[in-house]
Amino acid sequence: MGPLKAVVIGAGNRGNNYSDFALDEPDRLLVVAVAEPRTRFREKFAMKFSLAPNQVYKDWKEIAALDKMADIAIITTPDQLHVAPCLAFAKGGYHILLEKPMAVSYEDCKTIFSTCESCGVILAVCHVLRYTPQARKIKELIDSGVIGEVMNIQLLEPIGAKHFAHSFVRGNWRHRGTSAFSLLTKSCHDIDLISCFMSRSKCIQVSSFGSLQHFKPANKPTGAASRCLDCFVKSKCPYSAQMYLDLVQAGHTGWPVKVLHAEPDIENITEALRVGPYGQCVYEGLNDVCDNQVVNMQFENGASVSFTMVAGTEKVCQRHVRVFGSKGELSCDFDSDHVRMFDFLSEERTKISLLEKMTCAKNSRLSGHGGADYFMMESFVKAVENKEQSLVLTGPKESLLSHYLCFMAEKSRTENKVIQLTDAPY
Ligand SMILES: NC(=O)c1ccc[n+]([C@@H]2O[C@H](COP(=O)([O-])OP(=O)(O)OC[C@H]3O[C@@H](n4cnc5c(N)ncnc54)[C@H](O)[C@@H]3O)[C@@H](O)[C@H]2O)c1
């Protein structure tokens, strides 16, 4: 049958990441075209996948206008540019791998859902955390009944102080007007995990508080300049953009410096810091998304869930989860290789190893999110090979529900009221 063919829409960070599956497993996936407006990124991508000039485009619309040339469209454009290519390629008969968030409005999420369904194409939304060995094991243990009925879940997303400054103060996700609110752009993964763990009951009401507390002009240190390179107090600032130069000086050319330039070196990174957003003081006020937020959820079976996301943490995106049941308790740090379980009857503590599962992803180029990127891509390719949507853990149904929960939580925060989930897509 030969490998499945894929077109890649957006050859930035994520587009490159998922496409690497074709380098890992060339007998299963072949990249046959790319659309990318940024010249250097486009050229680098074309070289990496040995694409001929007639396989390389500047805009997704050029590929969508041609006869169907592949089985799969990998859509990794910026947040506000997901809907139009997704609908066009679904209507063109392509199976879709779509980056999260599906869309920045719930109405658009519903349109994506119904279009993919009516076109009969497989949709995978990149809520990669569901595919981690940690999440899979927790889900398996919950569903096995070994901890009894789930009474409460606590989930913490520690974003990481510098990571937050990079992506959500200076970077692509800093402003709702150009991206979306941070619960959707960052923590839709977490709301999706909660939705996955609690899939046996329905969330019936949600409340949320949060704010942009720290990264705003009122907190700008006395004497700080607008640009870090000109700043006299930068040595006392944990967020100084000097960090990018330090990284390049130490020989690092991957994320986050590659976000500033396709081929980072001291010269082009210095220039990016002089003129671009990544050289700006984090207290300049270019950003408006929350740097802390809590979400509380009440489920039909009486269980409650609390979620916290916060910028100011040592850990970087490595979630901590605790699941409290009627017969036992689970806990897991997503940067560890085990899930811990405590049984109330025997009072036994068990450490359940995930090492075997984690090793599968270690040989892959897709090592992001603790191997989850690999596991997700593998599931999606398998689903398309077998024409079986159910092999995708984050299909249209699951993803529509978790997006709905995000939009409702944000509604609660902005309207300062508890939201009853009467129109949930269960
Ligand atoms: N699943 C995850 O964990 C995860 C992690 C990071 C980012 N994301 C999401 O992935 C998406 C992409 O993020 P990224 O970090 O790769 O951003 P990026 O900026 O590195 O890549 C996006 C690319 O899309 C290109 N693009 C813009 N307009 C286009 C068009 N008309 N046609 C084709 N390409 C076009 C841009 O030039 C850019 O190279 C975002 O929606 C983001 O929120 C998901």
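UniProt positions are given here in the numbering of this structure, feature names are shortened, and annotations may be inferred rather than shown by experiment. With that in mind, an unreviewed UniProt entry lists residues 139–402 as "domain: Gfo/Idh/MocA-like oxidoreductase C-terminal".

The model is predicted: local features need pLDDT of at least 70, side-chain atom pairs count only at pLDDT 80 or more, and totals for chains, interfaces and linings use all residues. Residues are numbered from 1 along each chain as its sequence is written, and side-chain values use heavy atoms, with hydrogens and water left out.

**Strands and sheets**

Some terms come up throughout. Helices (H or I, at least four residues) and strands (E, at least two) are DSSP runs, numbered from the N terminus. Two strands pair if DSSP finds at least two bridges between them.

Over residues 139–402, the chain is 31% helix and 21% strand. The C-alpha atoms at the ends of this stretch are 16 Å apart.

Lys5 has Leu30 in β2 as its bridge partner.

Now take β10, residues 304–310. Strand β7 (residues 150–158) runs parallel to β10, with 7 bridges. Here Ile153 is partnered with Val305. Strand β9 (residues 292–299) pairs with β10 in the antiparallel sense, also over 7 bridges. In that pair, Gln293 stands opposite Met309. The hairpin of β9 and β10 has 4 residues between the strands, and Gly302 takes a positive phi near 100°.

Which residues of β10 form its covered face? They are Val305, Phe307 and Met309. The uncovered face holds Ser304, Ser306, Thr308 and Val310.

**Cavities and a pocket**

Rolling a probe the size of a water molecule over the atoms shows where empty space is left. The search uses a 1 Å grid over the protein atoms alone. A cavity is a set of points where a 1.4 Å probe fits but cannot get out. A pocket is an open set with protein on both sides within 12 Å along at least five of seven lines. Lining residues have an atom within 4 Å of a point. Grid points are joined across faces, edges and corners, and a volume is the space filled by probe spheres set on the points.

The whole structure has 2 cavities of 30 Å³ or more. Of the 13 residues that line the largest, the closest to its centre are Ala224, Cys228, Cys231, Cys237 and Cys281. The second largest cavity is lined by residues including Val169, Arg170, Cys281 and Asn287.

For the linings, Ala, Val, Leu, Ile, Met, Phe, Trp, Tyr, Cys and Pro count as nonpolar, Asp, Glu, Lys and Arg as charged, and the others, Gly among them, as polar.

| Space | Volume | Lining residues by class |
|---|---|---|
| Largest cavity | about 80 Å³ | 10 nonpolar, 1 polar, 2 charged |
| Second largest cavity | about 30 Å³ | 4 nonpolar, 3 polar, 2 charged |
| Second largest pocket | about 280 Å³ | 8 nonpolar, 3 polar, 4 charged |

Of the 15 residues that line the second largest pocket, Ser195, Ser199, Glu398, Leu401 and Tyr426 are the closest to its centre. Two or more lining residues come from each of α9 (188–197) and α15 (396–415). The largest share, 4 residues, comes from α15.

Conventions:
Buried < 20%, exposed > 50% of the residue type's maximum accessible area, 1.4 Å probe, protein only.
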